Amino acid sequence: MTAIGPAAHPAPASPSGSGPQLDAGRGLLHIPEEQTAALVDEELALEAARAAFAATVEGAVFPSLAVHGSDPRNRFTLKPSASATHAGVKIGTYWPDNPECGLPRHHSTLLLFDQTIGRIAAVLELGTANAYRTAAADSLAVDLLAPSGAATLAVFGTGHQAAYEARAVTRVRPIGEILIVGRDRGRAAQIAAKLTAEGHTARAAGAEEACANADVIVTATTTRAEDPPLFEAGWIRPGTHLSCMGADAPGKRELPPALFARARVFCDLPEQARRMGESQHAPEDTHLIPLGEVLTQRAQGRTDDRDITVFDSSGIGLQDLYLALALLKKMDICL
């Protein structure tokens with residue numbers, strides 16, 4: 001069941017002790033994309049997200065580093081993480097020309113350390129799983145912050161992530177209609193048709209119409225600060241929840257900055273949100289509330305039916321670590 005690739009050099013035996021053990025005869029453990037994609041689902045990803053965000057409250061959370069390859073259009077992000085028992089680094093890549101090679105633009109690889117010797121024990125390819133992981137953070141935020149009766153979802157974005165976000169949100173709220181908004185109305189219609197074929201009620205819509213009707217808005221785009229915001233602040237109705245998933249590097253922006261004055265703002269990691277999330281464009285006095293504190297009831301989420309709540313998701317390594325551990329557990333692998 002498990003793919004095990006040969007190590008470049010034989011792995012030394014782990015010293016005795018209570019920490020995770022690396023089998024010297026096994027070498028480097030490699031779990032390929034095909035295997036993780038077949039095992040991941042919304043339920044596993046959401047439970048891993050709950051564990052990860054709960055761990056942010058009392059454990060160490062390391063900020064991410066966003067850089068680019070030799071071609072500045074090619075970007076990758078390093079997301080380190082550590083729990084009480086494991087540590088790793090996720091490398092997330094975005095190579096925009098990959099479709100010309102028959103490959104997706106996005107991919108993710110997680111390196112897990114052997115905690116006894118400090119060498120790589122496992123490599124997990126998580127391209128598809130990463131889409132579930134990102135959407136799971138969105139659905140967790142919706143579950144904690146959105147109106148309980150939220151029935152209309154608007155998704156801004158027509159890329160790879162949009163359908164994952166829609167599916168995840170419909171698991172935690174009684175969504176009756178999904179509105180897909182994109183610059184290319186044809187692509188928006190294609191995603192809506194795909195979701196409709198899966199049993200959802202979905203259609204393409206314009207930005208103003210979507211904001212006027214939505215109880216929950218998800219933004220999953222590559223929009224940058226030099227581009228116009230996806231919608232006007234005045235279009236957002238009181239009581240709306242927004243999950244902003246696209247701003248994960250300096251210079252990216254999806255929201256109109258004026259919306260911050262009307263909203264209560266939540267995030268995964270405040271210092272990172274200020275540097276590379278949507279909140280890099282927020283006024284300095286904007287109070288950022290970690291979502292993990294709401295999850296563990298250390299902070300209050302929605303306080304009023306008319307609250308506008310914003311979740312600024314720039315992505316943290318603990319999400320990747322706990323997702324990988326959940327996948328390994330499902331495969332009966334212990335590191």
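## Helix α3 against helix α9

In this predicted model, A129, N130, R133 and A137 of α3 meet Q319, D320, L323 and L327 of α9. Meeting here means contact, with heavy atoms within 4.5 Å. The residues of this contact divide into four nonpolar, two polar and two charged. Ala, Val, Leu, Ile, Met, Phe, Trp, Tyr, Cys and Pro count as nonpolar, Asp, Glu, Lys and Arg as charged, and the others, Gly among them, as polar.

Helix α3 covers residues 127-145 and helix α9 covers residues 317-330. Their axes come within 10 Å and cross at roughly 120°. Axes are lines fitted to C-alpha atoms, for helices over the stretch in contact, and angles run from 0 to 180 degrees between N-to-C directions. The two helices are therefore oblique to each other. Angles under 35 degrees count as roughly parallel, over 145 as roughly antiparallel, 65 to 115 as roughly perpendicular and the rest as oblique. The crossing of α3 past α9 is right-handed. That term applies if the near helix is turned clockwise from the far one by less than a right angle; anticlockwise is left-handed.

## Helix α2 against helix α3

Helix α3 also packs with α2 (residues 42-55). The axes of α2 and α3 come within 8 Å and cross at roughly 70°. That makes α2 roughly perpendicular to α3. This crossing, too, is right-handed.

On the α2 side, the contact uses E42, A45, L46, A49, R50 and F53. On the α3 side, it uses Y132, R133, A136, A137, S139, L140 and D143. By class, there are eight nonpolar, one polar and four charged residues in this contact.

## Two hairpins

Strand β2 (residues 65-68) runs antiparallel to strand β3 (residues 75-82), and four bridges join them. H68 has R75 in β3 as its bridge partner. Six residues link β2 to β3 in a hairpin. Helices (H or I, at least four residues) and strands (E, at least two) are DSSP runs, numbered from the N terminus. Two strands pair if DSSP finds at least two bridges between them.

Strand β3 also pairs with β4 (residues 87-94), antiparallel, over eight bridges. Here A82 is partnered with A87 in β4. The β3-β4 hairpin has four residues between its strands.

Strands of a sheet pair through backbone hydrogen bonds, either parallel or antiparallel. An open sheet of eight strands has parallel pairing, in the order β9-β8-β7-β10-β11-β14-β12-β13. Its edge strands are β9 (202-204) and β13 (288-290), each pairing on one side only. Neighbouring strands are turned by 20° against each other on average, direction ignored.

Strand β12 (residues 263-267) runs parallel to β13, joined by three bridges. C267 stands opposite P290 in β13. Elsewhere, helix α4 (residues 162-170) lies across β7 (152-156), β8 (177-181) and β10 (216-219). This helix runs at about 160° to β7.

## Confidence and conventions

The protein has a mean pLDDT of 91, and 92% of its residues reach 70 or more. Here pLDDT is the predictor's confidence in each residue, from 0 to 100. Over residues 1-25 the pLDDT is below 50. That stretch has 46 contacts in the model beyond near neighbours in sequence.

Residues are numbered from 1 along each chain as its sequence is written, and side-chain values use heavy atoms, with hydrogens and water left out. Local features need pLDDT of at least 70, side-chain atom pairs count only at pLDDT 80 or more, and totals for chains, interfaces and linings use all residues.
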